[in-house]
There are 2 protein chains.
Amino acid sequence: MREFKRLTPYRDAFRMMMDDLREIPNAEEVSLTEALGRVLAEDVTSPTDSPPFDRSAVDGYALRAEDTFPAREYSPVELRVVDEITAGEESGITVESGTAVKLMTGAKLPEGANAVIMQEMVEREGDVIRVLRPVAPGQNVAFAGEDVNKGEVVLKKGQILRPQDLALLKSLGFKTVNVKRKPRVGIIITGDELIEEFDEDALMSGKIMESNSVMLMGLVRQYFGEPVFYGVVPDEEDVIRSAIERAKRECDLVLVTGGSAFGDKDFAHRFVRLLFHGTTIKPGRPIGYGEKVFIMSGYPAAVFAQFHLYVKHALAKLVGVRDYEVKVYAQLTERIPSQLGRYEFVKVYYENGKAKAIRKKGSGIISSLVKSNGYIVIPEDSEGYLKGDVVIAILY
Amino acid sequence: MREFKRLTPYRDAFRMMMDDLREIPNAEEVSLTEALGRVLAEDVTSPTDSPPFDRSAVDGYALRAEDTFPAREYSPVELRVVDEITAGEESGITVESGTAVKLMTGAKLPEGANAVIMQEMVEREGDVIRVLRPVAPGQNVAFAGEDVNKGEVVLKKGQILRPQDLALLKSLGFKTVNVKRKPRVGIIITGDELIEEFDEDALMSGKIMESNSVMLMGLVRQYFGEPVFYGVVPDEEDVIRSAIERAKRECDLVLVTGGSAFGDKDFAHRFVRLLFHGTTIKPGRPIGYGEKVFIMSGYPAAVFAQFHLYVKHALAKLVGVRDYEVKVYAQLTERIPSQLGRYEFVKVYYENGKAKAIRKKGSGIISSLVKSNGYIVIPEDSEGYLKGDVVIAILY
């Protein structure tokens, strides 16, 4: 066995990877009802002013504000109601001095009117309303273009589409939206020690249940990609080589787990021109990357750290997405020591502004992943954090 | 038009709604690859110890720690390598004093051995290794059951399944998992003023583009449900009545937008025995609930607030989910005044521990939803917050 001659610092490896990757150019047009969670492929500009006209923001009476200036509770101003319209209707009438038009929220402000009084604020008798207080010009009016102006960029390329974004698109008349094609991410699991069927005897004799496949498929789906599973392949040079070659042809990114170290049966790294192999991250040190292929560990906790520290960002670059991490400030409930020279990925449980490290020795440990809901990082030049320190946690 | 005689305080209405709803009992068995984001229907206990045996946490040599106690750099201890095994194999050999077995991470610790030394820490020549420093008993060994004990609850009912949870299930031998059936949520949009096709003339004469449907479908999907869209129905008593009746038969929850106030064309509330109608929330005051039906506003920003303040929690109760909100502490970058007596839903943009209110007048305003990524609430008895105050923001 060889060892890593030199570990590439986390940030340097990160930069090499990001510089090597290119955003995928392909977009696809999908209907708004299919666009939730997809990544916007281009800026969206508004084809129209919204609202397209001045409209009422409340249920009430459109009037001329000037008419109400003398209004007092002991000497109300009386106005004659000359029309009644609902939200979708338009009044043909011009509001002259001394008159008002009853309307509902969203209705177009009639000609002549410049303010709306809420219906609760007036007394009505027959076709006359009594206004007890002055109304300011513009009160309860939503002006044309107040929400969105024609030509304004309302949604930016790289944004993940949320329910309210879809509502905005629909309100502007769009029926479809151009989103990025989901990157296809090939997943190849290697390791003769892995079994797919639970078998106590096999496990007692040293075999290990394969679990990285379902975890990586889930992570890829969470981070904008479409997983393509190439199965669990045996530790045979030819089989691994052809699986990697096929996945490279068919996918935008390839993840190979197992065999990232320099063991006698670690073949994967021989078939890819790696830009780096072995970085300062802990766990997950043996990670390698080159030609859109990640050579990853076999141990789930190491794979998980490698995914969050590298692969997630690679996927974000492929689709050009911004703002895909939830970062929060968290106060540490206990000291977290760290090894100098290692970029540590420390799983934490975050709640109510506080974070507690979830640490168990052994990078094969899945339960610590399950008990955590986020992570913090400790750079190479830090010996860790003290109890009470406030640090940035990234939630998952 | 009538007005609300009395606004029910937010919390009181919330409690009435939650007390009225029952968790849906139905679960469905899905394969692990389909379970991402679903809600666990029952506690999962481990059928086995994991790891099932003591195993090596590193690539190295299994040995008897006692043999190494005298080791010093200037007088190394020599051990004879009597076997080599990889992760999935088992050594039939017992490690006797003076011997060692080469093994890889995850491999079962051979009989007789009680510690593992990392391969980088020894010098090897032929079948002899030189140990330069003492090794402690248990060092680099992951003990049986250290990750998970047989019978231990590893995942709790009500948890949203994440990639790492699926990995744990797979590692314990599960191929499927029981998740809650997704609640069916009927969506009925009412309003004669609404149009589905963009038409500038119609918009200029007061019509409004319908946009709540796509927003609510997205929100329902985000919060554990399956939307069932019953279309945009005209403001006609019979049509609305039959749409609500059909949706109540076919769904677990029904959302009706438009007509929640007491306008002449607001019919929806007449067909449902409401537990409350009109609460102190702002925006979204006219919300009503009863018989699993929400009567909601027509204005997107009001609907959005009503969804987050009420409907989201109703859905969570139906599926029995815990921990579905991302809550962060945020420092306000400016003062946020609030009206006494109203439970205000204030949209904010949260970044790096700071939050800025995104406020625009008019509850029809969609752009403020789009510019925000979370919200804070200001209870009825508060006049708001000052610049620099630290408050809890809920991200979306």
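In which sense do strand β5 and strand β6 of chain B pair, and over how many bridges? The first view answers this; the model throughout is predicted.

**View 1. Strands β5 and β6 of chain B, paired side by side.** β5 covers residues 77-85 of chain B and β6 covers residues 99-103. They pair in the parallel sense, over five bridges. Within this pairing, E84(B) stands opposite K102(B) of β6(B).

**View 2. The open sheet of six strands in chain B.** The strand order is β7-β4-β6-β5-β9-β8. Pairing across the sheet is mixed. Neighbouring strands are turned against each other by 35 degrees on average, direction ignored. The edges are held by β7 (115-118) and β8 (122-125) of chain B. Each edge strand has a single partner, so one side of each is left without a neighbour in the sheet.

**View 3. V81(A) and its contacts.** V81(A) sits in strand β5 of chain A, which spans residues 77-85. Is V81(A) buried or partly exposed? It has 17 C-beta neighbours inside 10 Å, so it counts as partly exposed; the buried class needs 20 or more. Leaving aside residues up to four places away in sequence, V81(A) touches Y61(A), A100(A), K102(A), D127(A) and I129(A). One of these contacts, D127(A), is 46 residues from V81(A) along the chain.

**View 4. Strand β26 of chain B and its two antiparallel pairings.** β26(B) runs from residue 374 to residue 378. Four of its five residues are buried, so the strand is largely enclosed by the rest of the structure. Strand β24 (residues 343-351) of chain B joins β26(B) through five bridges, and the two run antiparallel. Here V348(B) stands opposite G374(B). Strand β28 (residues 390-395) of chain B is also antiparallel to β26(B), with two bridges between them. There Y375(B) faces I394(B) as its opposite residue in β28(B).

**View 5. Helix α7 of chain A, with its bend at F307(A).** The helix covers residues 300-319. At F307(A) it bends by about 50 degrees. Of its 20 residues, 18 are buried, so α7(A) is largely enclosed by the rest of the structure. G320(A) follows the helix, and its phi is positive, near 70 degrees.

**View 6. Helix α7 of chain B, with its bend at F307(B).** This helix covers residues 300-319 of chain B. The bend at F307(B) is about 50 degrees. α7(B) is mostly covered, with 18 of its 20 residues buried. After the helix comes G320(B), with a positive phi near 70 degrees.

**View 7. The contact between chain A and chain B.** On chain A, 78 residues are in contact with 77 residues of chain B. Which elements of chain A each supply at least two residues to this side? Among them are the helices α3 (163-171), α4 (200-204), α5 (212-222), α7 and α8 (367-371). The chain A side divides into 38 nonpolar, 22 polar and 18 charged residues.

**View 8. Domains of chain A.** Domain 1 is built from residues 10-25 and 182-319. Domain 2 takes 31-50 and 148-180. Domain 3 spans 55-142, and domain 4 spans 326-395. The C-alpha centres of domain 1 and domain 3 of chain A lie 67 Å apart.

Notes: Residues numbered from 1 in each chain as written. Chains lettered and ligands numbered in written order. Predicted model: local features only at pLDDT ≥ 70, side-chain atom pairs only at ≥ 80, totals over all residues. Domains from an automatic or database assignment. Bend = angle between axes of the 7 residues up to and from the residue. Buried ≥ 20, exposed ≤ 12 C-beta atoms within 10 Å, placed from the backbone. Pairing = 2+ DSSP bridges. Axes fitted to C-alpha atoms, helices over the stretch in contact; angles between N-to-C directions. Contact = placed C-beta atoms within 7 Å. Nonpolar A, V, L, I, M, F, W, Y, C, P; charged D, E, K, R; others polar.
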